[in-house]
Amino acid sequence: MLFLSNVINGLSLGSIYAIIALGYTMVYGIAKMLNFAHGDVIMVGAYICFFAIARFNLNPIIGILLAMVVCTVLGMTIERFAYKPLRQAPSLAVLITAIGMSYFLQNMAQLLWTPNIKVFPSVVGNGAIKLFDGQLTISYIALITMGACVVIMLMLSLFTGNSKMGKAMRACSEDKGAAQLMGINVNTTISMTFAIGSALAAIAGFLLCSAYPNLTPTTGSMPGIKAFTAAVFGGIGSIPGAFVGGLLLGVIEILAAAYISTELSDAVVFMVLVVVLLVKPTGLLGKKISEKV
Amino acid sequence: MKNVQRKISLNKTTKSNFVTYGIVIAAFVIMEILMAAGMVSSLLKGLLVPICVYVIMAISLNLTVGVLGELSLGHAGFMSVGAFSGAVVSMMLQSVIPDAIPRLLISLVVGAIFAAIVGVLVGIPVLRLNGDYLAIVTLAFGEIIKSLITNMYIGLDENGLHFSMIKQKFELAEGGKMLIDGPIGLSGMRKVDSFAIGIVLILLCLMIIFHLVNSKSGRAIMALRDNRIAAESVGINVTKYKMMGFVISAAMAGAAGALFASNYSALQASKFDFNTSILVLVFVVLGGLGNMRGSVIAAALLTVLPELLRAFSDYRMLAYAIVLIGIMLVTHNPAIADRLKQIKIKQYKKSADRKAAAMEKKMVRQTAKKEGK
Amino acid sequence: MKKFVALMMALMMCLGCLAGCGKADPDAGKIKIGGTGPLTGDAAIYGNAVKRAAEIAVEEVNALGGLQLVVKYEDDAHDAEKAVNAYNALKDWGMQISMGSVTSDPGKATSTENYVDRIFALTPSASTDLYPEGKDNVYQMCFADSNQGAASAQYIYEQKLGTKIAVIYQSDIDYSKGIYDTFMAKAAELGLEVVSKTTFIKGANDFSVQINEAKNSGADLVFLPIYYQSAALILRQCADIDYAPKFFGVDGMDGILALEGFDTSLAEGVMLLTPFSADAQDEKTVNFVKKYQEKYNEIPNQFAADAYDCIYAIYQACTAAGVTADMTAEQINDLLMEQFNTMTFSGLTGENMTWAGGYVTKSPKGMVIQNGVYVGLD
């Protein structure tokens, strides 16, 4: 029963990774860049939620929507001013810019909101469902997180599969030049991808801080790195890959903490990543892209 | 004519290399004179060794990022390996070799060797990947190394060395002491005054790198960076040369780590985290990829500057971030790059004109002489 | 070559700045007390609390009209390397007495410097046992960690607070590990049953594994020798799965009620041993809390109280030993060491404190949180 309970906790943690990883993976799929600042957009989203809900006593739904709007604008602004000018630059330059952006957001948050911890309000309410005579308890927040993750994943799949914008996105990720020839506005599409990724980040920020309520300017960075690992793990660029990668990573992390050592759980997570990349360099569900000369 | 040109360009690199050595030596001499005159503040005195450490870190990372062309986000991991292995050896030898300087030299070598071994172990999987995947795996290895050292227990007593992972599984005999106490790290080390050794180490690393870059292997490495497929097709062994650059870079970082450890009385693995890797990357980027002199200057200045600007420490990291983004945008902005190119062409034209004019004068003189005869 | 010359010039200019020019010293005639602490970064809450409280105390002492003090804090961002830099900057300023470092890891590095330079140090809050160990001029105002662990076990045993005990501690900080080690030793001696021991490290957010293990081993008391930030997460995650044992904390738990946005009902019934509580009704505490609140609009924690006591203890020792502002740091060092080895001091964090080997002896108070405030346990 302890094992089952650990697996459920892992799935709950993994769902958060998965939502963050979706943001990474979409951007990578289209812009072919690792948006290192994604984790920090999550942090900004969480702060907006915090201020809306705890300081201004707004309805949590309004708080989340507000955070989504702010994050979307933020994500698009970052893309416009920091990443767009580097579209043609080598990937190293783009990656360094993204790291710089991540530092910028963290330090800006520190100046604006002080490094002191803010405790995220409990919107969902404490409590749990008890199964098997109370031997297995699943907290409400874990249920909501897992539910949200599945819903988001399904909606994204539908969106990219069926909508016009989604098809444009897929076309851009396949071949930007050809997409442009077919009349797709590549810049708008990339911008749109950042917008969606950032809106997802706001939701992720809310869920992350609902489960782990200590909010600081560095809140987003470690989950960001882990989710990024999850995205690579599942095959970066692939939406189902991010979902599977996130969930697996969460479960591995919790099981490693429970059965190997809490101190080594991070190391185990990263080792699994290394092994997967060695066996399958494009990740679990990634597509093999042959190099062009 | 071709031969002449090559000679000139070779001379140019050698000259430029000597300027770099000159800067390092001059900085050392100036500091020694100022210290002898008692004009150096305690703050700067305390910073001398860290400056050496970060300079070595920067040039070694520049070898990986600038020369090899692979982004490493876990360079602090090698530094950590070097720091801990070097410090442990130094503490073990405390009774055998009471003199601090030879002990430090041994710890530097040991640090470099251990980091090189880890470099090989990390390099085997890492160098099979490319680009972003490679970057994320180096990041992963940085974290793995940090986690492993955090969970390492090493104790020393009369029965010899004791070692365990995760939990301390041994009991030390009377008079024994813990060298690495798991997450608490190293403590009770003796500080060594190692500025001069640091400078020598910088010069040594520079020499190795310059020599490598100008050698056949170095040209192979750079060919791989510029176009892997083309290089492979002319028969350059990818794994061998990549591994060579990577391991040399790791060994240097290890020596830097051992030097770093010698300057502090306590040390924790968490010091060598992602942020430290990024800090060094900032030095490399600001100094210019592939430009060793730039790395030396950037690392030295950026280690001193924040200390001078203590009053603005809130804004320090923010300024770093902005500068990092700014430099990338400016150097990779097509418009600005074009402008720079034009300036370069103009300069080239100017110098070409000058050369032509000089040549003409010479010719005129020579013909005049001939005619005079 | 021109570039090179220009660079050298720039370097020389930097050096010139570093060498420090002979400006008029506004702090002349005052005894200079310096300390390093995290004023920025994750741990800034501690550094700022100490700095603010020390400044309040210095203001009060100066108003008495006797010895004049000045205190200066330099940022170490909770990093040993930066702490040594900060310490050196303070030396350049002319520091005569040191308040060490606020946190333990930087403290280990700076205390060695204190020892080598012969500058007297009294830290408000670097509680690791290693801090004064082997250094005769380095003292602590806070409990050494070993004291707290044993005292907690004793208290739990005497008050019969729990039969099955679970411990969750942070293994990568001296503070938590030190308390844990001595707690376990004392618990074994007293025959307390510890059913679950789990750890976490810096940055941990998810405590489900640790909580699950405590819950499944049937623990009715969870001992948390950790800081309040992690404790807040643990309390919340326990509530999330309806697990409600008794919680017992140490002085690092103090501050939990002041966290912005923290639901204090989660901390209902949490017990802790702490030498200071902002709700105590004695005159000194009330006065200090009022001043601190007026100035900074927050309730001082135990770090602040320890820092406040540090200044007063230094003041008391300086007055008794006849220390004057024109003495060198080394002279003051010898005089203060003599004083601290013999004197007793009463302050916010305890009555009749004494020092032996750098470690302070004082008695902690048992507190329990009821309706969002601390109430004495005895």
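Begin by selecting chain C of this predicted model, and colour it by its domain assignment, which gives domain 1 as residues 28–143 together with 284–361, and domain 2 as residues 146–274.

Now show the whole of chain C as a cartoon, where you can look for 11 helices and 15 strands. If you draw a box along the principal axes, the C-alpha atoms of chain C fill roughly 70 × 60 × 40 Å. The radius of gyration of chain C is 22 Å, which agrees with the value near 21 Å that a compact globule of 378 residues would have. Colouring chain C by burial shows that buried residues make up 58% of its 378 residues. If you then draw the contacts in chain C between residues at least 6 apart in sequence, 68% of them join residues at least 24 apart.

Move on to chain A and select helix α5, residues 140–162, which has 23 residues and reaches 33 Å from its first C-alpha to its last, close to the 33 Å expected at 1.5 Å a residue. Which residues of α5(A) are buried? Show the side chains of Ile141(A), Ala142(A), Thr145(A), Met146(A), Cys149(A), Met153(A), Leu156(A) and Thr160(A), for these are the buried residues of the helix. In an α-helix there are 3.6 residues a turn, so residues three or four places apart point the same way.

For the last stop, show chains A and B together and select their contact, which takes 37 residues from chain A and 35 residues from chain B. On the side of chain A that touches chain B, the elements that give two or more residues are α4 (91–113), α9 (221–234) and α11 (265–279) of chain A. Of these, α4(A) gives the most, with 14 residues. Colour this side of chain A by residue type, and its residues divide into 27 nonpolar, seven polar and three charged.

Conventions
Residues numbered from 1 in each chain as written. Chains lettered and ligands numbered in written order. Predicted model: local features only at pLDDT ≥ 70, side-chain atom pairs only at ≥ 80, totals over all residues. Domains from an automatic or database assignment. Helix = DSSP H or I, 4+ residues; strand = E, 2+ residues; numbered from the N terminus. Expected span 1.5 Å × (residues − 1). Buried ≥ 20, exposed ≤ 12 C-beta atoms within 10 Å, placed from the backbone. Rg over C-alpha atoms; globule rule 2.2 N^0.38 Å. Contact = placed C-beta atoms within 7 Å. Nonpolar A, V, L, I, M, F, W, Y, C, P; charged D, E, K, R; others polar.
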